[in-house]
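Please open the structure in your viewer and keep the selection tool at hand.

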Amino acid sequence: MNSLVLTGIRKFELRETPKPNIKKTTDVLLKMRNVGICGSDIHYYSTGRIGDQIIEFPFTIGHEGSAIVESAGGRVTRVKPNDRVAIEPAVSCGKCDQCLSGRRHTCRDLKFLGCPGQIEGCLSEYIVMPEENCYKIGSSMSFIQGALVEPLSIGIYSASFLENAKGKTIGILGSGPIGLSVLLASRLSGVKEILMTDKIEERLIAAKRAGADWIGNPDLIDIVEKIKDIEPEQLDAVFECCGKQEALDQAIDLLKPGGKLIIVGIPEPNEISFNINKIRRKEISIQNVRRQNDCTQKAIDLIARKKINADFMSTHNFKLKDAPLAFEFVENYRDGVIKAMISFD
Ligand SMILES: [Zn+2]
Ligand SMILES: [Zn+2]
């Protein structure tokens, strides 16, 4: 089979690799259909690392996938051959204190698809996953929608940290696929007003179309001052969705006393900083989000019931052989790309 292997910084090779075999009776062999390129993939592609998680080349990345079940181990009950599935990329042990307390996403022995030293990613024609990571999608859902389930589930999980969302005014800093997913999910929770920022015009337009009440570009305006004009009492919560120090600083200035900063973005360096006197005086709470917990089925149901339409996020489609170009597009935000999809047909 073909795999798109990352062999160095910004270097891919389309290689012939052995088709994986089902090893456990609860494993499923999946034929990949679509894979979305994530901001975290771009970190690995352009720097070979996220913090101290470092790639040893060669390695296959990719974790936002939809697939068809090719075959299933003898004890698999969740899916059968030819089922269409969205993939939950986090494989947890099911036995540790975290798993047993309903926090499988912070499992002590978590293995994540396309994460260095864990599991080879899904930019391959076939992969093997445990059955509990395969979520059936109906025939009314496209494989592209299936591949959007993972980022959307992160938005749904992030929005769940907004307690008593009704009537609240929130900010979302960063209008990439994750910021937009937070927008779609928090809209459903009944917030009053959503203000969004980004430095890319196409993303702001997408945010506005998807329901943001106000959009602003921090390269063009002082968003802190501008938002103070619109909302003199400032914001109840801010979702940081771009992993940038300047956005974290803006978030602190945008929040009202007692407000909540929810960090969803992934900063490239290991350390970020806060002005402790600002966050202390306003008594800001800081919530980190680790991917998502138990939101895969919720995302599928919301798409299937047409409560959420995330199709607009998938702006570009590339064949596997053209995937290197897709990464170049996403890294450089070319052509207004929001989510680039790789397709395997
Ligand atoms: Zn992702
Ligand atoms: Zn565990």
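Which residues coordinate the zinc ion (ligand 2)? Select the ion together with C93, C96, C99 and C107: the SG atom of each of these residues coordinates the zinc, at 2.3 to 2.4 Å. Please bear in mind throughout that this is a predicted model.

**First stop: the zinc site**

With the four donor atoms displayed, consider the angles at the zinc ion (ligand 2). These angles run from 102 to 119°, and the arrangement is therefore tetrahedral. Four donors count as tetrahedral if all angles lie between 85 and 135 degrees. Along the sequence, the donor residues follow the spacing C-x2-C-x2-C-x7-C.

Is C99 buried or exposed? C99 has a relative accessible area of 8%, so it is buried. C93 has a relative accessibility of 26% and therefore counts as partly exposed. The cut-off behind this reasoning is that buried means under 20% relative accessible area.

**Second stop: N34**

Now select N34, which lies in strand 3, residues 27-36. N34 is buried, because its relative accessible area is 7%. What does the side chain of N34 reach at 3.2 Å? It reaches the backbone oxygen of I342. Beyond its neighbours within four places in sequence, N34 is in contact with several residues, including E64, G65, S66, F143, N317 and M341.

Select residues 39-47, which form helix 1. How many of its nine residues are buried? Seven are, and the helix is thus mostly covered. The buried residues are S40, D41, I42, H43, Y44, Y45 and S46. They pack against strand 1 (2-8), strand 2 (11-16), strand 3, strand 4 (49-50), strand 5 (53-54) and helix 10 (323-331). After helix 1 comes G48, with a positive phi near 75°.

**Last stop: helix 3 and helix 9**

Two packed helices are described by the angle between their axes and the distance between the axes. Select helix 3 (residues 143-159) and helix 9 (residues 296-304), which pack at an angle of about 115° with their axes 8 Å apart. The crossing of helix 3 and helix 9 is right-handed. To view the contact, display Q145, V149, L152, S153 and I156 on helix 3, and T296, K298, A299, I300, L302 and I303 on helix 9.

Notes. Residues are numbered from 1 along each chain as its sequence is written. Chains are lettered from A and ligands numbered from 1 in the order in which they are written. This is a predicted model: local features need pLDDT of at least 70, side-chain atom pairs count only at pLDDT 80 or more; totals for chains, interfaces and linings use all residues. Side-chain values use heavy atoms; hydrogens and water are left out. Donors are N, O and S atoms within 2.8 Å of the metal (3.2 Å for Na, K and Ca); water is not among the atoms, so sites may look incomplete. Four donors count as tetrahedral if all angles lie between 85 and 135 degrees; four count as square planar and six as octahedral if opposite donors are over 155 degrees apart and all others between 65 and 115; anything else is irregular. Buried means under 20% relative accessible area, exposed over 50%, partly exposed in between (1.4 Å probe, protein chains only). Helices (H or I, at least four residues) and strands (E, at least two) are DSSP runs, numbered from the N terminus. A polar contact is a pair of N or O atoms within 3.5 Å; within protein, one must be able to donate a hydrogen and the other to accept it, and residues adjacent in sequence count only if both atoms are side-chain atoms. Contact means heavy atoms within 4.5 Å. Axes are lines fitted to C-alpha atoms, for helices over the stretch in contact, and angles run from 0 to 180 degrees between N-to-C directions. A crossing is left-handed if the near helix is turned anticlockwise from the far one by less than a right angle, and right-handed if clockwise.
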